[in-house]
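Here is a short report on one protein model. Read it with the structure open beside you.

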Amino acid sequence: MEEHGRTALDAHYDQLGLVGAFGIGIHRASLFNVLYRAVQDDGIAIKTGREITGSTLSNSGRRLTFDDGSESEEFDLVVDASGWSSVFDPTPKNILEFGALWASLPLEPDDPFDTGLLEQRYRRAAQMVGVLPIGSRSDKGPAEAAFFWSLKVSDYPKWRDTPLEEWKAEVRALWPETEALLARITSRDQLTFARYAHRTAKRPVSERMIMIGDAWHSASPQLGQGANMALLDAWSLKRGLAEGRTLDEKLRLAVSWRRDHVDLYQWVTAFFTPLYQSDGKYKPLLRDRVLAPISQIWPVSRIQSLLMSGLFGWPLASLGLSAPDYSAISSEISASASSLSQ
């Protein structure tokens, strides 16, 4: 919603045509913890404290190279999931003009936010504040929300020098109800500044190496598909490793099943980003006066919901997956919440 109450974007999962469909806001730390526990359970060694600068290839494997000139042992396969700043891709990073300040903050029962909605407020496209419920990061942890504020990369140093209360006043002026969350921000260190890049690696596969997630394809967070896309990439790699005959074929299959969906979302995100993050006057008008009203009319409403859910372009079918059983997932979430409250 923009500052005067006009709808900027309104997408509903019930437009998907899937019974009981819903989305789940989740902290990336929660996804990391799932992976970390799986690695621990399998007894896989974790090595840290080394800065990777590249890799070298031999006839029998690929080694990582480090900033001190040393190398790792040989690996059959290197999976680059290091994000848009990957050192393995020489493609220009194409850092976007706008980034965002992020904080994960506890939610209280009387907070004025809908725990089932991503809510955002805009002043044209130059300012934006958003609240996204992200559940709990642990069984006994508090319910949380991701709080974010759009900010130009070039303005970040100025923000660092601005008194925190002055910035809070600016946020409150755009969305007064955020006062409940702003009161929980007592230090600038609670906020992380995220920069974004729009780039696609030309060669996500090379000998004994594959890029997945933002290392392969990074974009602005306007469609909220970063984690979704990375998880689909990981599933595609798992399937490719299982079905391919040679390593080259395994990696080729993994990329081929994902390429069309990746290319589609890279193009769509590049189109939509200036409507929601830019200094222009006319693009927000186009968003609010033309695109928003049209998006409420079928079939545009369905297409919009498919885009926002990550399902546009049939990504599941290409991976041999079917739509989730939302009823079963909902029952499992309800049972888990009930057991925690007892």
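Ile 52 has Phe 66 of strand β2 as its bridge partner. The model shown here is predicted. Strand β1 covers residues 52–57 and pairs with β2 in the antiparallel sense, over five bridges. A hairpin of four residues joins β1 to β2. Strands of a sheet pair through backbone hydrogen bonds, either parallel or antiparallel.

Strand β2 runs over residues 62–66. This strand is mostly covered, with four of its five residues buried. Phe 66 also has a charge over its ring: the charged end of Arg 50 sits there, 4.1 Å from the ring centre.

## A three-stranded sheet

Next comes an open sheet of three strands, in the order β3-β11-β10. Its pairing is mixed. Strands β3 (78–80) and β10 (205–206) stand at the edges and have a single partner strand each, so one side of each has no neighbour in the sheet.

Strand β11 covers residues 209–211 and pairs with β10 in the antiparallel sense, over two bridges. In this pairing, Val 205 has Ile 210 of β11 as its bridge partner. Helix α6 (residues 247–276) packs on the sheet and touches both β10 and β11. The direction of α6 makes about 10° with that of β11.

Another arginine lies over a ring. Arg 239 is placed over the face of Trp 257, at 4.1 Å from the ring centre.

## Rings that pair

How many aromatic pairs does a search of the whole structure find? The search gives 12. One of these is formed by Phe 22 and Tyr 326. Their centres are 5.3 Å apart, with 65° between the planes, and the pair is edge-to-face. Phe 22 lies in the segment before α1 (28–41), and Tyr 326 lies in helix α10 (residues 326–341), so the pair ties together parts that are 304 residues apart in sequence.

Is Tyr 326 buried or exposed? Its relative accessibility is 10%, so Tyr 326 counts as buried. Phe 22 is partly exposed, at a relative accessible area of 25%. The cut-off explains these labels: buried means under 20% relative accessible area.

## A stacked pair and a cluster

Tyr 156 and Trp 159 both lie in helix α2, which covers residues 156–161. They are three residues apart, about one turn of the helix. An α-helix has 3.6 residues a turn, so residues three or four places apart point the same way. The ring centres of Tyr 156 and Trp 159 lie 5.9 Å apart and the planes are at 15°, so this pair is stacked.

Tyr 156 counts as partly exposed, at 22% relative accessibility. Trp 159 counts as buried, at 5%. Ring pairs also link both residues into a cluster with Phe 147, Trp 149, Trp 167 and Phe 193.

## One face of helix α3

Trp 167 belongs to helix α3 (residues 164–174) as well. The buried residues of this helix are Leu 164, Trp 167, Lys 168, Val 171 and Leu 174. Seen down the axis of α3, they fall within an arc of 120°, so they line one face of the helix.

What covers the buried residues of α3? The cover includes strands β4 (98–106), β5 (119–123), β6 (127–135) and β7 (144–152), along with α2 and α4 (179–182). The face of α3 turned away from the buried side carries Glu 166 and Ala 173, which are exposed.

Key
Residues numbered from 1 in each chain as written. Predicted model: local features only at pLDDT ≥ 70, side-chain atom pairs only at ≥ 80, totals over all residues. Heavy atoms only, no water. Pairing = 2+ DSSP bridges. Contact = heavy atoms within 4.5 Å. Axes fitted to C-alpha atoms, helices over the stretch in contact; angles between N-to-C directions. Phe/Tyr/Trp six-rings, centres within 6.5 Å; stacked < 30°, edge-to-face > 60°. Buried < 20%, exposed > 50% of the residue type's maximum accessible area, 1.4 Å probe, protein only. Lys NZ or Arg CZ within 6 Å of the ring centre and 35° of its normal. Arc of directions from axis to C-beta.
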